[in-house]
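Visitor: I would like to take a close look at a single part of this model, and to see it in the setting of the whole chain. Could you guide me through it carefully?

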Amino acid sequence: MGKRPLNLPFLGLQALLILIDCIAVAYVSPILVSFGYSPMRIGRVMTLAALAATLARPVWGYLNDHFACARQVTLLATAAGISCYCLLVFGGDARPAVTAVAVMGLNVTIVCMMNFVDAWALRLISEGYVLNYGATRAGGSLSFALGAMVFGWAAARWGFRPGSVILWVLFILLAIVILHLPNPAPASAGRPAAVPGPSPVHRPACLRALGPPRPGVGGESAPAAGLFPVYAGLMRYRQFSFCAHSRFRRDGTACRRGAFCAGDLRTACDDWIHPPA
């Protein structure tokens, strides 16, 4: 007997989490502008936040790989991120250290959860659950667009502090949805079976058509960045894997130069340059 379909609850997860990301993260720069920060100062804060997120991503993946706790990690990180937003809007003005800590906390938690949930989806698909990743992700993108429009209008009228109440309401809804989703199985010592789909030779070409990633963390094109977790899942890498530099060749295969690899990335270069038959 096949496993139950998860399209509806995962659609709710993507929509709510991306909406939380929209309210808590997308408006950080306007919040800092309202504090009177200069563009240079905002850039410094955002650089620290991006570095913090880079260091945090392998930690979240390690926890889920070894303890199969995707639901718990998502809820804990989201609650912590909303707390950081409250700290920012209520205590960040005139306190530069508090502002920096709050923005770094948002990136370490809510921003990191976006890729974490993508990897969670691929783990469930590899275990045989019925889940349309593209459709659920599209629902999340729609919620971001609508949320940005509505919250932008509300923030212009009443400021950013009402966002804290909205975020906690969304968190309660998120917790209800997550209770209907299973945790992935713990990662085994070896590689799990392949996910049905196109051969490894053609997977890089699918991403290449959307625009090749540029070197460096966070410098990739947006379409390729959104689908990179899908490709990683198809290639059967565990969430602890973390790569900082990748590019695709013109022939559709991929190479890796100067990559920082952690955990079970294994022989990524060999797999990508010489895909298994």
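Visitor: Of the 277 residues of the chain, what percentage count as buried? With that as background, please look closely at the aromatic pairs and at what lies around them in the chain.

Guide: Of the 277 residues, 47% count as buried, where buried means under 20% relative accessible area, exposed means over 50% and partly exposed lies in between, with a 1.4 Å probe and protein chains only. This is a predicted model, in which local features need pLDDT of at least 70 and side-chain atom pairs count only at pLDDT 80 or more, while totals for chains, interfaces and linings use all residues. Residues are numbered from 1 along each chain as its sequence is written, and side-chain values use heavy atoms, with hydrogens and water left out.

The chain has ten helices and two strands, which are DSSP runs numbered from the N terminus (helices being H or I with at least four residues, strands E with at least two). From the N terminus on, these elements run α-α-α-α-α-α-α-α-α-β-β-α. Contacts, meaning heavy atoms within 4.5 Å, reach across the sequence: of those in the chain with a separation of 6 or more, 79% are between residues 24 or more positions apart.

To come to the part you asked about, the structure holds six aromatic pairs; rings of Phe, Tyr and Trp (its six-membered ring) pair if their centres lie within 6.5 Å, and planes under 30 degrees apart count as stacked, over 60 as edge-to-face and the rest as tilted. One of the pairs joins Tyr-27 and Phe-160, whose ring centres are 6.3 Å apart and whose planes stand at 50 degrees, so this pair is tilted. Tyr-27 lies in the loop between helix H1 (7-24) and helix H2 (28-34), whereas Phe-160 lies in the loop between helix H6 (133-158) and helix H7 (162-178), so the pair ties together parts that are 133 residues apart in sequence. Both partners, Tyr-27 and Phe-160, are buried. Trp-153 and Trp-158 form an edge-to-face pair, with 5.5 Å from centre to centre and 90 degrees between the planes; here Trp-153 is exposed at a relative accessible area of 52%, and Trp-158 is exposed at 54%. Ring pairs also link Tyr-27, Phe-151 and Phe-160 into a cluster.

A ring can also lie under a charge, which is counted if NZ of Lys or CZ of Arg is within 6 Å of the ring centre and within 35 degrees of the ring normal. The charged end of Arg-41 sits in this way over the ring of Tyr-37, 4.2 Å from its centre.

Helix H1 is mostly covered, with 13 of its 18 residues buried.

Phe-90, in helix H4 (residues 70-91), is partly exposed at 45% relative accessibility. Ala-68, in the loop between helix H3 (39-67) and H4, has a phi near 50 degrees, a positive value in a residue other than glycine, and is buried at 12% relative accessibility. In helix H5 (residues 96-126), Thr-109 is buried with a relative accessible area of 6%, and, neighbours within four places in sequence aside, is in contact with Ala-77, Ala-80 and Gly-81.

As to cysteines, the whole structure has zero disulfides, a disulfide being a pair of cysteine sulfur atoms within 2.5 Å. The sulfur of Cys-84 is 9.2 Å from the closest cysteine sulfur, that of Cys-86, too far for a bond. Cys-84 is buried at 15% relative accessible area, and Cys-86 is buried at 17%.

A last point concerns pLDDT, the predictor's confidence in each residue, from 0 to 100. The chain averages 75, and 66% of the residues score at least 70; among the elements, H7 has the highest mean pLDDT (96) and strand S1 (residues 247-248) the lowest (35). Over residues 189-226 the pLDDT is below 50, and this stretch has 64 contacts in the model beyond near neighbours in sequence; over residues 233-277 the pLDDT is also below 50, with 105 contacts counted beyond near neighbours in sequence.
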